[in-house]
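Colleague: I would like to learn how to read a model of this kind, one feature after another. Could we begin with the terms and then go to the cases?

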Amino acid sequence: MHTSFSLDGTAVSASLPQKSDLQNNAFNALRFICCLMVIVGHSLGISDTPVPQLAWMDLHVCVCVFFILSGFWVTKSFVSSASLKDYALKRIKRLLPLYYLAVIGFAVCCVFYSDLDAVSYFTSGGFWKYLAWNAVFLNFMCPDLPGVFGGGIPINGSLWTIKVELGFYLVLPLLLFIIHKLKTRTKINLLFAAVYIGSVLWYFLLGKYYAELGIPYQLHYQLPGYMSFFVMGMAFLFNWDVLVRRLSALVVPAVIVFALHYVTGTELLLPLSLSVIVMWAGTRLTFLRSIGVPVDYTYGMYLFHFPLVQMLTAEQGTGSFTALSVLLIVSAAFFLSFISDKYIQKKIR
């Protein structure tokens, strides 16, 4: 879909960042840092390794950073796509091959960690139920495999975010269709504000009153509850010409508001403040580029690390992880992601 709609009488492309604006950025590095934090946090948490709680290792915030960057980059990908079909194919090629590799591959490997023999394991209804529910992204319906890790243990607790991400991909064309009709920047920003408010209210109210409403607690952090982060990424993309010049002035208030959410216990302004911080860091802290890698391997690393942690915990025992254990998990997740990109992703691009 080529950008032909208008904002205040100006082509949308005039407000979107140009290619030269994003040539020197640290967004890949931010993804890589957040991915490492998630892997380290899960390694220490799943293995029940006794270490002091590190305030900077907020895994929830790390995941939210992924969603903000997704809102920015996936929307940019959509508006530069030749058609809706082109956009859909790019998202499918990016999301599904590694996802199904993680689901099926680790389901097969987990036979070595099951109390059942191989024949009983692969013919078990639980094995096929796991594959079926995870194939349609409803991981919470069957998170464990028969007899694996003693039974009743989630195989890959990271997969819940994939259905949220897929939901973003499905909602995005509808949002951009509405934006096409609204035309003016003011109306478009009002749409972003409405989605933001609805999302944070969903997250806050359902998280607080789920028992009274008789609904599962998990419902509050599904797609609507995270749309605020995705739509903030979109808002920065569509207001790039205005916001990018003001990031240095906005970042200090954003850091203060971000810090206050830990004090107040509310996340109502977290998507707004975190988005400013992420965009400022991505465009100003360009020296961080040296931390990342030229190709973004974080998606594969994120998909693969959780089962690896479970397997190493089963081998070493709980409470026994060392720095070497964490390094082994990071290295293995990176290696699997690298191989997958080289022999799967590149073949289908």
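Modeller: Let us start with burial: a residue is called buried under 20% relative accessible area, exposed over 50%, and partly exposed in between, with a 1.4 Å probe and protein chains only. Helices, for their part, are DSSP runs of H or I with at least four residues, numbered from the N terminus. The model is predicted, so local features need pLDDT of at least 70 and side-chain atom pairs count only at pLDDT 80 or more, while totals for chains, interfaces and linings use all residues. Residues are numbered from 1 along each chain as its sequence is written, and side-chain values use heavy atoms, with hydrogens and water left out.

Colleague: Which residues of α4 are buried?

Modeller: In α4 the buried residues are Tyr87, Arg91, Leu95, Leu98, Tyr99, Ala102, Val103, Phe106 and Ala107. As a general idea, an α-helix has 3.6 residues a turn, so residues three or four places apart point the same way.

Colleague: What do the buried residues of α4 pack against?

Modeller: Contact here means heavy atoms within 4.5 Å. The partners of the buried residues of α4 are α3 (59–79), α5 (118–123), α6 (125–135), α7 (160–182), α13 and α14 (323–348).

Colleague: How is the span of a helix judged, and what span does α4 reach?

Modeller: The expected span is 1.5 Å times one less than the number of residues. Helix α4, which covers residues 84–109 and has 26 residues, reaches 37 Å from its first C-alpha to its last, close to the 38 Å expected. A bend is a separate reading, namely the angle between axes fitted to the seven residues ending at a position and the seven starting there; in α4 there is a bend of about 30 degrees at Ile92.

Colleague: At what angle do α4 and α13 pack?

Modeller: Two packed helices are described by the angle between their axes and the distance between the axes. The axes are lines fitted to C-alpha atoms, for helices over the stretch in contact, and the angles run from 0 to 180 degrees between N-to-C directions. For α4 and α13 the angle is about 10 degrees, with the axes 9 Å apart. That makes the two helices, α4 and α13, roughly parallel, given that angles under 35 degrees count as roughly parallel, over 145 as roughly antiparallel, 65 to 115 as roughly perpendicular and the rest as oblique. The crossing of α4 past α13 is right-handed, a term used if the near helix is turned clockwise from the far one by less than a right angle, whereas anticlockwise gives a left-handed crossing. Among the α4 residues that take part are Arg94, Leu101 and Cys109, and the α13 side includes Tyr299, Phe304 and Met311.

Colleague: How do α8 and α9 pack?

Modeller: Helix α8 (residues 185–213) packs with α9 at an angle of about 155 degrees, and their axes are 7 Å apart; α8 and α9 are therefore roughly antiparallel. The crossing of α8 past α9 is left-handed. Residues of α8 including Phe192, Tyr196 and Trp202 meet residues of α9 that include Tyr226, Met232 and Phe238. Helix α9 itself (residues 223–238) has 16 residues and reaches 22 Å, close to the 22 Å expected, with a bend of about 25 degrees at Phe229. Of the 16 residues in α9, 14 are buried, which leaves the helix mostly covered.

Colleague: Why does Tyr121 count as buried?

Modeller: Tyr121 lies in helix α5, and it counts as buried because its relative accessibility is 0%. Residues up to four places away in sequence aside, Tyr121 touches Ala107, Cys110, Val111, Ser114, Leu116, Phe127, Leu145, Pro146 and Val148.

Colleague: Where does Leu166 lie, and which residues is it in contact with?

Modeller: Leu166 belongs to helix α7 and is partly exposed, with a relative accessible area of 22%. Beyond its neighbours within four places in sequence, Leu166 is in contact with Leu95 and Phe137. Phe137 lies in the loop between α6 and α7 and is buried, at 10% relative accessible area. The phi of Phe137 is near 70 degrees, a positive value in a residue other than glycine.
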